[in-house]
Every structure is written in C-alpha cells, then in structure tokens.
Amino acid sequence: MDINFLLEKISLLSLFIITATGVFLSIMIGFGLGIYIQRRRKSKKEVKLGSIIGAMLGLLAFILAFTFGAATSRFEAKKQLLLEEVNAIGTTVLRTDFLPESKRAEAKDLLKKYVDMRVDVLKNPKMLPQLIIESEKIQSQLWSQVSLDINKETDPIRLGLYIQSLNEVFDLHTKRVTVGLQYRIPRVIWVTLYFVTILTMIAVGYEFGLSGVSNILISLILALAFSAFMVLIADLDRGVTGTLQVDQRPIIELQQKLNTPIK
C-alpha cells in the first residue's frame, strides 16, 4: 500500500502517537543496548560517540529541513494557484459579454455553478472526486458553446479573448488537481526520514546507556519534539483533509460577488 495513502487516511493525532512511540522506543532500545554493552565490556575506558551522534543528528536535521521545504513549497504553490484560478474565472465571467447574446446567460450560469462546486468542497471534502468530474463536465459544456453554433457575426478578436481566459481556467483546474492531489512528498523520502530517525534515536539511546545516564523525561521530550515536527510536515503534505489548509476566502468572495444581483 502507498505510504502517502496511509498518511492521508490516518488521523494526525494517531500519526503523532505512532511516531512519538516509535521514536521513544528507539531511544529505549538504544539505551538498553548501551547498558548491555557497558556491562559486558572488560575495558573501563570511556567510549566517546559524540561526534558520530552529532553527525547523525545533523543528517536527520538536513532531511527534515529538506522535507519541510518541499512541503512548504507545495503549500505556497497551492495558494498561488488558487489566486490565479479565482482571477481567471472572474475575467472569464466578464468576458462572457463578448459572446452572442443567446449564449451569455448560459455561460455565466455555468461559471457560477463551477465556482459553487469549489466552495462545496470546503463543506464536504469527501465530495472532491465527484466534484472534479462534474467540473470537467462543465468545462466541456463551456467549450462546446464556443466551438459550436457561434454566430458568424461575432467579433473574432473579442471571442478570442474569451477563449483565451476560458483556456486559462481549464489549465489552472488541471494544475490545482495535480499540485493539490498528485504532487506529494515521494515515498522514498518518507521511508528514508523514518529510517534515519529511528537509527539516530537508537544511537542517542545507546550513548545514554554507555554513559549510564537514564532520563526518561529527556527521552520523552526528544520523542515529542521530533514527532511534532514530522506530523507538521505530513499535515502540510495532505490534500484537503489536513488542518493546515490554504485560505479559501478568495473563491468564497468570488462566489458571493457572482451571486449578488447587479443593481
């Protein structure tokens, strides 16, 4: 099963508990191993692993920063695409006046319905797959309007401007679906991140064991801190089910504007 599918379906609280438990147990396993080696070692000479553990922690920090950067970039891309789509739809609505009079009302109604569907997703994210299909049906209807039965007397320049903005709406729909739902942190990065985290925490616990230092509180704080950051990355990487979502006020305001009667 795809790890991204699991990270999408499991609740963030459950993911946090699982991750924190795994990190804490890794520290405890390393601590137990360190105690075992220390007791069986004949030489009492102190073994210093600080530089090795420091390098492992540095590597883990680098992977965390890289993964966080990727998730943040995707989140910013989603914000930018939302604004671009809102502007493109708004421009297309205005340019429906370039259509023959018999087509204007129908085109505006279809675009209003198109916007309504995007707002409906906010209320019920589970409807997203169906609403994507319905949006693409509306796209086909809008395109049929300009490809069939257009009055020959229509100004080709003005019609071209409408088609240009309509194509932009279609393109931005594809980009939003791709970036929002398909472009995710690759599975290999998640596997590497968890693998390096477990190894690093085992090494930290091992150092605790060799030095004879047993501090459950420090181990717990370390586990919670790393887990919180990893869950933050997972939240940023989610589609429409995470707690960190792009502010949808631009599309809501566009809906209100389109539904406000012109005086």
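How are H2 and H8 oriented to each other?

Modeller: This is a predicted model, and the description below should be read as such. Two packed helices are described by the angle between their axes and the distance between the axes. Here, helix H2 (residues 12-40) and helix H8 (residues 216-237) have axes that come within 8 Å and cross at roughly 140°. An angle over 145 degrees would count as roughly antiparallel; H2 and H8 are therefore oblique to each other. Their crossing is right-handed. On the H2 side, the contact is made by Leu12, Leu15, Phe16, Thr19, Ala20, Val23, Phe24, Ile27 and Met28. H8 contributes residues including Ile216, Ser219, Leu220, Ala223, Ser227, Met230, Val231, Ala234 and Asp235. Sorted by class, the residues in this contact are 17 nonpolar, three polar and one charged.

As for H8 itself, its 22 residues reach 32 Å from the first C-alpha to the last, close to the 32 Å expected at 1.5 Å a residue. Buried residues of H8 include Ser219, Ala223, Ser227, Met230, Val231, Ala234 and Asp235, and each of these is also part of the contact with H2. Phe226, Ile233, Leu236 and Asp237 of H8 are buried as well.

Gln245 has a relative accessible area of 31%, which makes it partly exposed. In sequence, Gln245 and Lys78 are 167 residues apart, yet their C-alpha atoms are 9.3 Å apart in space.

How values were computed. Residues numbered from 1 in each chain as written. Predicted model: local features only at pLDDT ≥ 70, side-chain atom pairs only at ≥ 80, totals over all residues. Heavy atoms only, no water. Axes fitted to C-alpha atoms, helices over the stretch in contact; angles between N-to-C directions. Helix = DSSP H or I, 4+ residues; strand = E, 2+ residues; numbered from the N terminus. Parallel < 35°, antiparallel > 145°, perpendicular 65-115°, else oblique. Left-handed = near helix turned anticlockwise from the far one by under 90°. Contact = heavy atoms within 4.5 Å. Nonpolar A, V, L, I, M, F, W, Y, C, P; charged D, E, K, R; others polar. Expected span 1.5 Å × (residues − 1). Buried < 20%, exposed > 50% of the residue type's maximum accessible area, 1.4 Å probe, protein only.
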